[in-house]
Amino acid sequence: MTDTAGTPSAGTLGPGAGASATGNGLIRRRRRRWLRYGAVGVAVIVVGAAGAGWAVYTKLDGNITPDNAAAAELARYEKERPTALVEDAQNILLIGSDSRSGDGNARYGRDSGTERSDTTILLHLSGGRRSATAVSLPRDLMVDVPACRQPDGSRTEPMFAMFNYAFQKGGSACTIRTVEKLTGVRVDHHMVVDFHGFKDMVDAVDGVRICLDEPIHDKAAKLKLPAGRVTLSGEQALGYVRARKSLGDGSDTDRMDRQQRFLAALVNKVQSNDVLLNPVKLYPLLDAATSSLTTDPDLANLRGLYDLVRGLRDIPTERVQFLTVPRESYAYNTNRDQLVQAEAEKLFERLRRDAPVSVAEEVPRDSRTKSPNSSDGSHEEADAGKESPAPTFRGNTAAEDTCK
């Protein structure tokens with residue numbers, strides 16, 4: 001029996017046919033329900049992941065402390081600050097603070113209420129990010145420190161003093177103005193990190209390997225290490241870069257050489273895929289790097305930091321250079337430093353112009369090019385219209401293996 005359209009009626013279907021049709025409908029309905037539930041589940045996972053990502057971003061972003069007081073002070077003296085000569089190049093002042101007031105910092109000494117710059121590095125990033133040059137400035141270097149605003153609102157008198165006096169009395173703004181007066185280089189950004197932040201960054205990458213020519217037993221630094229290849233934990237690394245009395249010749253210059261080699265090894269470790277492509281290691285590193293960081297307002301957020309460092313990842317380690325500003329013992333106190341003026345001005349002039357420099361462990365006198373400001377009045381050797389050869393300074397690169 002059929003209906004008028006020729007379709008078999010329900011009464012003509014064979015045994016079980018109706019049940020089969022009903023079952024297929026149930027299967028289709030159940031499939032649609034599972035698809036809807038699956039879509040909702042995927043949406044929940046995506047939203048959850050996005051929420052977690054946002055939570056991570058918010059936490060890291062909120063870790064960074066903006067240095068608004070320094071920004072206001074620098075704006076006050078804007079007219080006397082150097083002008084940047086190369087638009088795409090950047091100069092960042094990195095300040096290692098010896099503050100004992102932060103979380104976990106009290107173990108490194110009594111909190112006297114005075115914060116000093118334990119380490120200061122002027123980091124020059126070339127235009128196009130072809131190279132990075134980190135110049136250490138000795139804390140005992142005798143310099144002209146301008147009148148600076150102190151935390152209580154009073155102002156210091158200009159004076160000729162040790163370099164770290166600037167940070168002690170006037171914080172990062174005073175240090176920046178002192179560096180700019182000394183070098184003629186415009187400081188575009190600055191970062192201040194304390195002991196705890198440095199230590200946590202080392203621990204976040206599972207330590208940094210160095211090589212020691214002889215064992216170290218420094219009670220003051222609470223450091224006991226064997227000779228040979230050693231992977232330093234954060235606590236050990238802090239003692240290693242800060243130790244002074246029992247390592248090398250006891251000078252601040254020798255300590256800076258040690259700091260530079262350690263930083264080179266740290267850069268190597270951070271640039272490795274084992275860290276950059278491993279979220280388990282990358283997040284703790286970012287958390288450590290931001291938690292103890294105070295920066296100028298433009299860098300006090302993840303976007304600002306990302307814009308700064310994204311061009312750095314492609315710089316070859318052999319083009320990441322570390323050196324100390326040319327210095328010698330101060331004429332009136334051998335425990336203090338002064339600039340070797342001709343060599344230092346050669347370096348500063350090239351940083352201002354974003355011209356290349358080279359580094360080497362040992363620099364023969366005849367390999368150094370002459371500066372236009374040299375005492376003998378000679379000029380750098382260069383053909384007319386061509387860039388002068390890059391002068392060589394004593395230092396090292398991040399590509400050099402400390403375990404030779």
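Which residue in β12 does methionine 191 stand opposite? That's threonine 295. Keep in mind as we look around that this is a predicted model.

β7 pairs with two strands we can look at here. With β2 (residues 90–97) it runs parallel, and five bridges join them; in that pairing, leucine 93 has histidine 190 of β7 as its bridge partner. With β12 (residues 293–295) the sense is antiparallel, over three bridges.

## The largest nonpolar core

Leucine 93 turns up again in the largest nonpolar core, a set of 33 residues. Along with Val325 and Leu347, Leu93 has the most contacts inside that core. The elements giving two or more residues to this core are α2 (68–76), β2, β5 (142–145), α3 (164–183) and α10 (341–353). Of these, α3 brings the largest share, seven residues.

What does leucine 347 touch, leaving aside neighbours within four places in sequence? The list is Val135, Leu323, Val325, Pro326, Val357 and Phe393. Apart from this core lies another one, of 26 residues, including Val205, Leu232, Ala243 and Leu285.

## Two helices packed together

Now for helices α5 (residues 234–242) and α6 (residues 252–271): they pack at an angle of about 145°, and their axes are 8 Å apart. On the α5 side you'll find Ala237, Tyr240, Val241 and Arg242, which meet Arg255, Arg258, Gln259 and Phe262 of α6. Sorted by class, this contact has four nonpolar, one polar and three charged residues.

Conventions
Residues numbered from 1 in each chain as written. Predicted model: local features only at pLDDT ≥ 70, side-chain atom pairs only at ≥ 80, totals over all residues. Heavy atoms only, no water. Pairing = 2+ DSSP bridges. Helix = DSSP H or I, 4+ residues; strand = E, 2+ residues; numbered from the N terminus. Axes fitted to C-alpha atoms, helices over the stretch in contact; angles between N-to-C directions. Contact = heavy atoms within 4.5 Å. Nonpolar A, V, L, I, M, F, W, Y, C, P; charged D, E, K, R; others polar. Core = buried A, V, L, I, M, F, W, Y, C linked by side-chain atoms within 4.5 Å. Buried < 20%, exposed > 50% of the residue type's maximum accessible area, 1.4 Å probe, protein only.
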